[in-house]
Each structure stands twice: as structure tokens, then as C-alpha cells.
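Trainee: Please take me through a single part of this structure up close. Then connect that part to the rest.

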Amino acid sequence: MNISVLIPTRNRPDHLRESVESICDLAAYPDLVEVLLYVDDDDVQTPRLRWKAIERLGRYEAFVGQRWGYSRAEMMWNCYRDWE
């Protein structure tokens, strides 16, 4: 069984790193966890991030798309579903 964590993020690499590290520290089997990021298309740094915590994950993927904002978060998830 794998666990998927969907995280919308925008220009907050320190907060994102803390979140990924926390997920890895709390997971009994971090290699069975996939972290999927939805990154706004004007955020060029986040898709390139690499930390030790990311190496512990089963999968790490950054999807870049239109900026919807949190009030329209459902649009991010619908876009993600279309990419699978």
C-alpha cells in the first residue's frame, strides 16, 4: 500500500522542506510515500528542489500549472487528475 500526499506550494521552499522532512520522519515506511506537488507556473525554483528527505521517498513529483490560489484549490486537484 502506498500513500500519496498532494501539496500545493508556491515560493516557500523552507516550509515545503520542513513538511517533506516531517512526512518522512512520521512514516513507518517513507519509501512507500509519494509526495506530489502542485507548483504555480511562476515559481521556477520549487520543481528543482532536492533534499535528503526527498531521497527517502518512494516518489517525488512536481507538477507545474496555472496559479489558482487556495480559494480555487479544487482546480489544482482536477488538473492533477488529468495528468495521470
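Mentor: Start at Asn11, which lies in the loop between β1 (3–9) and α1 (13–26). Helices (H or I, at least four residues) and strands (E, at least two) are DSSP runs, numbered from the N terminus. This is a predicted model, where local features need pLDDT of at least 70, side-chain atom pairs count only at pLDDT 80 or more, and totals for chains, interfaces and linings use all residues. Residues are numbered from 1 along each chain as its sequence is written, and side-chain values use heavy atoms, with hydrogens and water left out.

Now the backbone. Most residues other than glycine have a negative phi. Asn11 has a positive one, near 55 degrees, and is not a glycine. Asn11 is also partly exposed, at 44% relative accessible area. Buried means under 20%, exposed over 50%, and partly exposed in between (1.4 Å probe, protein chains only).

Step back to the whole chain. Three helices and three strands make up its elements. From the N terminus they run β-α-β-α-β-α. The chain has 84 residues, and 35% of them count as buried.

Next, the strand on one side of the loop. β1 belongs to an open sheet of three strands, ordered β1-β2-β3 and paired in parallel. Strands pair if DSSP finds at least two bridges between them. β1 and β3 (59–65) are at the edges with a single partner strand each, so one side of each has no neighbour in the sheet. From one strand to the next, the twist averages 20 degrees. (Axes are lines fitted to C-alpha atoms, for helices over the stretch in contact; angles run from 0 to 180 degrees between N-to-C directions.) β2 and β3 run parallel, joined by seven bridges. Val39 stands opposite Val64 in β3.

Then the helix on the other side. Take Val20. Leaving out residues up to four places away in sequence, Val20 touches Val35, Trp51, Ala53, Ile54 and Leu57. Contact means heavy atoms within 4.5 Å.

Such links span the sequence. Among contacts with a separation of 6 or more, 73% join residues 24 or more positions apart.
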